[in-house]
Every structure is written in C-alpha cells, then in structure tokens.
Amino acid sequence: MNEAEEAAGLPKTSNYRYAKRVGNQLFVAGQVPHDSNGQLVGQSAPSVQATQCLANLRQLLVVNGFSENDIQQVTIYVVGEATNLASAWNAVEQWFDDEVPPATLLGVAQLGYVDQLVEIDATIIQET
C-alpha cells in the first residue's frame, strides 16, 4: 500500500498492493467491504457491503488518476443464497445509476474475511 492510498482513507493493509498502474490501465485487487479503519461493514447486509466495496474502488481510482468512466468491466463475488446476489446486484445498479458496465455476478462459497459477503473486482482502462 502506498502513502496516497493511505491518505485517501483506504484501510491499512501490510504487504498488500491495492493497485498498479501500467500505462492507461489500472490493475486492482478485489475490493472488500472494509471502512477506513479496516472494519468490516454491513455484517449480514450484501447491499451495504457492495456499496462499501464500490466506495473503496472509487477512492482507489481517484488516487491513481482514473475516474468511474474508466471502469470497463466488473465482477461481483457474493456469498450465500440468491437473495444475497440480488441484494448485492441492486446496490451495484444503484451505484452505477442503472448504467452498469459489462458485469459478472458470481455466487461463491466463501471470501477472505469472516462475515465478508461481497468482493468486487474491476477492469480499469482509460480510453485514449
């Protein structure tokens, strides 16, 4: 993690890179539902967790000189039943104001943190 990411309020994580810029592309790690203090938000609430993941993605974009318009594709990983997937998807639709880029919504058995229900990955490319 670099100083700019920390200053932007992304949770401190040792031995972890949030992103790497290569030309007009930003390679990002999957965004998790942690607030700036590193605390999981929205326990048992996939929509809250999806919104936090996207807020973290937004911060990461800004820190690295990109914008939401540079999001070319998203992958949303969700733990649980179909209702969890629908709840997370609704939050994604709202965040993108119903103009979601190409997306994949996946149901998974488990994610990296206890009580984590959602993780969001994205393809970021600035059009030249």
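## A loop residue to start with

Asp-115 is partly exposed, with a relative accessible area of 39%. Here buried means under 20% relative accessible area, exposed means over 50%, and partly exposed is in between, using a 1.4 Å probe and protein chains only. You'll find Asp-115 in the loop between strand 4 and strand 5. Its phi is positive, about 70°, although Asp-115 is not a glycine. Most residues other than glycine have a negative phi.

Before going on, a word on what you're looking at. This is a predicted model, where local features need pLDDT of at least 70 and side-chain atom pairs count only at pLDDT 80 or more, while totals for chains, interfaces and linings use all residues. Residues are numbered from 1 along each chain as its sequence is written, and side-chain values use heavy atoms, with hydrogens and water left out.

## The sheet

Five strands make an open sheet with mixed pairing, in the order 1-2-5-3-4. Helices (H or I, at least four residues) and strands (E, at least two) are DSSP runs, numbered from the N terminus, and two strands pair if DSSP finds at least two bridges between them. At the edges sit strand 1 (19-22) and strand 4 (103-108), each pairing on one side only. On average, neighbouring strands are turned by 15° against each other, direction ignored. For angles like this, axes are lines fitted to C-alpha atoms, for helices over the stretch in contact, and angles run from 0 to 180 degrees between N-to-C directions.

Which way do strand 3 and strand 5 pair? Strand 3 (residues 71-79) and strand 5 (residues 118-125) are antiparallel, with seven bridges between them. Along that pairing, Ile-76 stands opposite Ile-120 of strand 5, and Val-78 has Val-118 of strand 5 as its bridge partner. Strand 3 also runs parallel to strand 4, joined by six bridges. On that side, the bridge partner of Val-78 is Gly-107 in strand 4.

## Helices on the sheet

Helix 2 (residues 46-63) packs on the sheet and touches strand 1, strand 2 (25-28), strand 3 and strand 5. Contact means heavy atoms within 4.5 Å. The direction of helix 2 makes about 30° with that of strand 5. Helix 3 (residues 82-95) lies across strand 3, strand 4 and strand 5, and runs at about 155° to strand 3.

Helix 2 also passes a simple length check: at 1.5 Å a residue, its 18 residues should span 26 Å, and its end C-alpha atoms are 26 Å apart, which agrees. The expected span is 1.5 Å times one less than the number of residues. Among the buried residues of helix 2 are Ala-50, Cys-53, Leu-54, Leu-57, Leu-60 and Leu-61. An α-helix has 3.6 residues a turn, so residues three or four places apart point the same way. What covers the buried residues of helix 2 includes helix 1 (3-7), strand 1, strand 2, strand 3, helix 3 and strand 5. After helix 2 comes Gly-65, with a positive phi near 80°.

## The nonpolar core

A nonpolar core is a set of buried Ala, Val, Leu, Ile, Met, Phe, Trp, Tyr and Cys residues joined through side-chain atoms within 4.5 Å. The largest one has 29 residues, and the members that touch the most others are Val-28, Ile-71, Ile-76, Val-118, Ile-120 and Ile-124. Strand 2, helix 2, strand 3, helix 3 and strand 5 each supply at least two residues of this core. Helix 2 gives the largest share, six residues.

Leaving aside residues up to four places away in sequence, Val-28 touches Tyr-18, Ala-19, Leu-57, Leu-60, Asp-121, Ala-122 and Ile-124.

## A salt bridge

How many salt bridges are there? The count comes to one, where a salt bridge is a side-chain nitrogen of Lys or Arg within 4 Å of a carboxyl oxygen of Asp or Glu. The partners are Glu-68 and Arg-58, with their closest N and O atoms 2.4 Å apart. Glu-68 lies in the loop between helix 2 and strand 3 and Arg-58 in helix 2, so the pair ties together parts that are ten residues apart in sequence. Glu-68 is partly exposed at 32% relative accessibility, and Arg-58 is partly exposed at 34%.

## Between helix 3 and strand 4

Asp-97 sits in the loop between helix 3 and strand 4. Asp-97 is exposed, with a relative accessible area of 59%, and its phi is positive, near 55°, in a residue other than glycine.

Val-100 is found in the loop between helix 3 and strand 4 and is partly exposed at 22% relative accessibility. Not counting residues up to four places away in sequence, Val-100 touches Val-74, Trp-89, Val-92 and Glu-93.
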